[in-house]
Amino acid sequence: MRRVETERISVQAGGIRQSVLVAGPVDGTPVLLVHGNCSSAAFWLPLIRRLPETLRIVAPDLRGYGGTETAPVDATRGLADFADDLAALLDVPELFGSPTVAGPARPVVVGHSLGGGVAMRLLVDHPDRVGGLLLEAPVSPYGYGGTAGPDGIPVSADFAGTGGGTANSDLVHRLAAADRGADTPTSPRNVLRTLYVADPASLGDDEELLLDSMLSTATGDDNYPGTAVTSPNWPGTAPGDRGVLNALSPAHFRIADDLVAVAAKPPVVWVRGDADAIVSDAALLDLAYLGSLGMVPGWPGVEAYPPQPMVGQTRAVLDRYAAAGGRYREVVLAGCGHCPHLERPAEFVAELLDLASSGDISHAVPTPRGSDFGA
């Protein structure tokens, strides 16, 4: 593996240097790995070690993470800043090779958590460049927090309870300080052990590597967590227009209808753990759910501000995607948390390889789709 730098010519950023992990032959089956929040491309290293050498792996650090430039995130574009950065990588010959008679590469795009939302945005904006979509514990197509029911109805007009003001300030402080301790529940190490995975033992010898990845997160108003504004609605904070958590707010990221309407519908595999504490119908980072537990004071009750049904929303949107001509499969791993590729790597690799062999994913003449890919 090696690190390379590419440059995206960006109207809003004027150009951004990206750091990318690369493995496998340039003419191999292309796979684009998109990491989640408070991590980096290094979070994929335990998975990459298990993948066959026939795959061409490209795993970039998103802006503000890992070795990529700490460029600002315009939250009003949802996750489009990140998706545009990825799109620029697809045509770099040293990463995916030169286009063949069959056209440019159409990789399997694997998105984890925040990266799942970025992958959805990439598909919507560049449907002809995605050969398959593997969503690992993805953010809901209706954003994170502040919506109710399977159709993502906003709980309040200003999306109070979402965005940069919802972050745990002690965690942000400890990320900025590169804290490697374990003396408080909000230390990055303990967040990794208790929220990212269901079984801390699954981290094994990779814990320090993964912690390094978390600590690469750029903090501040332009990155994580972003800005916030006061709100007259519970819990008193609403999303701002800068930074990562605001880009994830349903005020700015609501991609359900666009995803269903996309003309080219590659196969989708949705992999999640049933013990996920970050993306679930009872998520421990959803202020409404914490309010229902009495951990955020003043919660107005389930009728006024219900916990977001994140899993139910994703399933409802993917059902619509299938009804509109697409295909998807939901894979639920028992006892698994937010990072199936770390906790259940054998099952995750099997799903990735099956998807890579069943979709229109190649540098040459597309292979036939697998006949056993179910919806």
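Reply:
**The α6/α7 pair**

Helix α6 (residues 188-196) packs against helix α7 (residues 207-215) at an angle of about 110°, and their axes are 10 Å apart. Axes here are lines fitted to C-alpha atoms, for helices over the stretch in contact, and angles run from 0 to 180 degrees between N-to-C directions. The helices α6 and α7 are therefore roughly perpendicular (65 to 115 degrees; under 35 is roughly parallel, over 145 roughly antiparallel, the rest oblique). Helices are DSSP runs of H or I with at least four residues, numbered from the N terminus.

This is a predicted model, in which local features need pLDDT of at least 70 and side-chain atom pairs count only at pLDDT 80 or more, while totals for chains, interfaces and linings use all residues. Residues are numbered from 1 along each chain as its sequence is written, and side-chain values use heavy atoms, with hydrogens and water left out.

On the α6 side, the contact (heavy atoms within 4.5 Å) is made by Pro188, Arg189, Val191, Leu192, Arg193 and Tyr196. On the α7 side, Glu207, Glu208, Leu210, Leu211, Met214 and Leu215 take part. By class, the contact of α6 with α7 has eight nonpolar, four charged and no polar residues.

Tyr196 also belongs to the largest nonpolar core, which has 74 residues; Tyr196 and Leu32 have the most contacts inside it. Such a core is a set of buried Ala, Val, Leu, Ile, Met, Phe, Trp, Tyr and Cys residues joined through side-chain atoms within 4.5 Å. Helix α4 (residues 114-125) gives the largest share of this core, seven residues. Leaving aside neighbours within four places in sequence, Tyr196 is in contact with residues including Cys38, Phe43, Val191, Met214, Ile278 and Cys339.

Two of those partners are cysteines, yet the structure holds zero disulfides (a disulfide is a pair of cysteine sulfur atoms within 2.5 Å). The cysteine sulfur closest to that of Cys38 is in Cys339, 12 Å away, which is too far for a bond. For Cys339, the nearest cysteine sulfur is that of Cys336, at 8.1 Å. Cys38 counts as buried at 6% relative accessibility, and Cys339 is buried at 0%. Buried means under 20% relative accessible area, exposed over 50%, and partly exposed in between (1.4 Å probe, protein chains only).

Thr184 counts as buried at 15% relative accessibility. Leaving aside neighbours within four places in sequence, Thr184 is in contact with Asp170, Arg174 and Asn190.

Definitions and conventions
Helix = DSSP H or I, 4+ residues; strand = E, 2+ residues; numbered from the N terminus. Nonpolar A, V, L, I, M, F, W, Y, C, P; charged D, E, K, R; others polar.
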